[in-house]
Amino acid sequence: MDKKGAVEAALFASAKGMRVIDIANQTGLTEEDVRVALKTLSIEYERMGSAIKVAKIDAEYALQLREEYAHYTERFTEAEISKGVQRTAAVIAYHQPILQSELCRTLGPRVYDDVRRLTELDLIVGKPKGQTLELTTSKKFAEHYGIEGTSKADIKKWIERMDKKGQN
C-alpha cells in the first residue's frame, strides 16, 4: 500500500478536517507514517503548483483550495451562499463574538434569515445570551473558506487580506 496515497485518499474522502490519529486509525498506518505522508503531500502539491493544498487547521488536516484559485469556484458556491449571507458571515467573523440583536441593528432584520442559513450550513454557532444569541464562527467556517486557523485573529487577518484583494 502506498502510504502517501492512503493519507491523500482519507483526506479527500473526509467532509471535514481529520486529526493525525484519525487518519492513522482509518488507514492502518502509524501516526509517524501519517505525519511523513502529510508533509510529503504538502511539499508535492506546492512543487507542482497545485490548486489544492494540505491545510492544517488547529490539530486537524484537510485538503483545501488555495486562495488564489477560489474565484474559479464562485459560480458553483454562489447558489449555496448568497452575497448577502456572505456579507452577514463576514460581519460575524470580523466582530465575533457578536450579539444577533447588534447585528440586526447594523444590517437590518434580514439578518435573522441569514443567521438561520449560516447555522444550517454549520458556518456559525449561536449561544443563547439573554433574549438574543451570541454568534461566532465555527470550525467549518475556517475549513469552508480555506482559513488556516480558527482563532479570531486568524479570521480577522484573512478578512482584511480578502478586503485588500477586493480593493485592488
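This report describes the sheet, the nonpolar cores and selected helix contacts of a predicted model.

## Basis

The model is predicted, so local features need pLDDT of at least 70 and side-chain atom pairs count only at pLDDT 80 or more, while totals for chains, interfaces and linings use all residues. Residues are numbered from 1 along each chain as its sequence is written, and side-chain values use heavy atoms, with hydrogens and water left out.

## The sheet

Three strands form an open sheet in the order β1-β3-β2, with antiparallel pairing. β1 (18-19) and β2 (52-57) stand at the edges with a single partner strand each, so one side of each has no neighbour in the sheet. Strands (E, at least two residues) and helices (H or I, at least four) are DSSP runs numbered from the N terminus; two strands pair if DSSP finds at least two bridges between them.

β2 and β3 (residues 60-65) run antiparallel and are joined by six bridges. Within this pair, I57 stands opposite E60, and I52 stands opposite L65. The hairpin of β2 and β3 has two residues between the strands, and D58 takes a positive phi near 55° there. Two bridges join β1 to β3, also antiparallel; R19 has E60 as its bridge partner in β3.

β2 and β3 are joined by six bridges. Helix α1 (residues 3-13) packs on the sheet, touching β1 and β3, and its direction makes about 75° with that of β3. Helix α3 (residues 31-47) packs on the sheet as well, touching β2 and β3, with its direction at about 135° to that of β2. Contact means heavy atoms within 4.5 Å. Axes are lines fitted to C-alpha atoms, for helices over the stretch in contact, and angles run from 0 to 180 degrees between N-to-C directions.

K53 lies in strand β2. With 12% relative accessibility, K53 counts as buried (under 20% relative accessible area; exposed is over 50%, partly exposed in between, with a 1.4 Å probe and protein chains only). Not counting residues up to four places away in sequence, K53 touches Y45, A62, L63, Q64, L65, R66, G146 and E148.

## Nonpolar cores

A nonpolar core is a set of buried Ala, Val, Leu, Ile, Met, Phe, Trp, Tyr and Cys residues joined through side-chain atoms within 4.5 Å. The largest has 22 residues, and those with the most contacts inside it are I92, L103, V115, L118, L135 and F141. At least two residues of this core come from each of α5 (83-95), α7 (111-120), α8 (139-145) and α9 (152-167). α5 gives the most, with five residues. Another core, of 16 residues, lies apart from it and has L11, I23, L41 and V54 among its members.

Leaving aside neighbours within four places in sequence, L103 is in contact with T88, V91, I92, I98, G108, V111, V115 and L135.

## Packing around α7

α5 and α7 pack with their axes 9 Å apart at an angle of about 80°. They are therefore roughly perpendicular (65 to 115 degrees; under 35 is roughly parallel, over 145 roughly antiparallel and the rest oblique). G84, V85, T88, A89 and I92 of α5 meet D114, V115, R117 and L118 of α7.

Helix α6 (residues 100-107) and α7 pack at about 130°, with their axes 9 Å apart, and are therefore oblique to each other. Q100, L103, C104 and L107 of α6 make the contact with V111, Y112 and V115 of α7.
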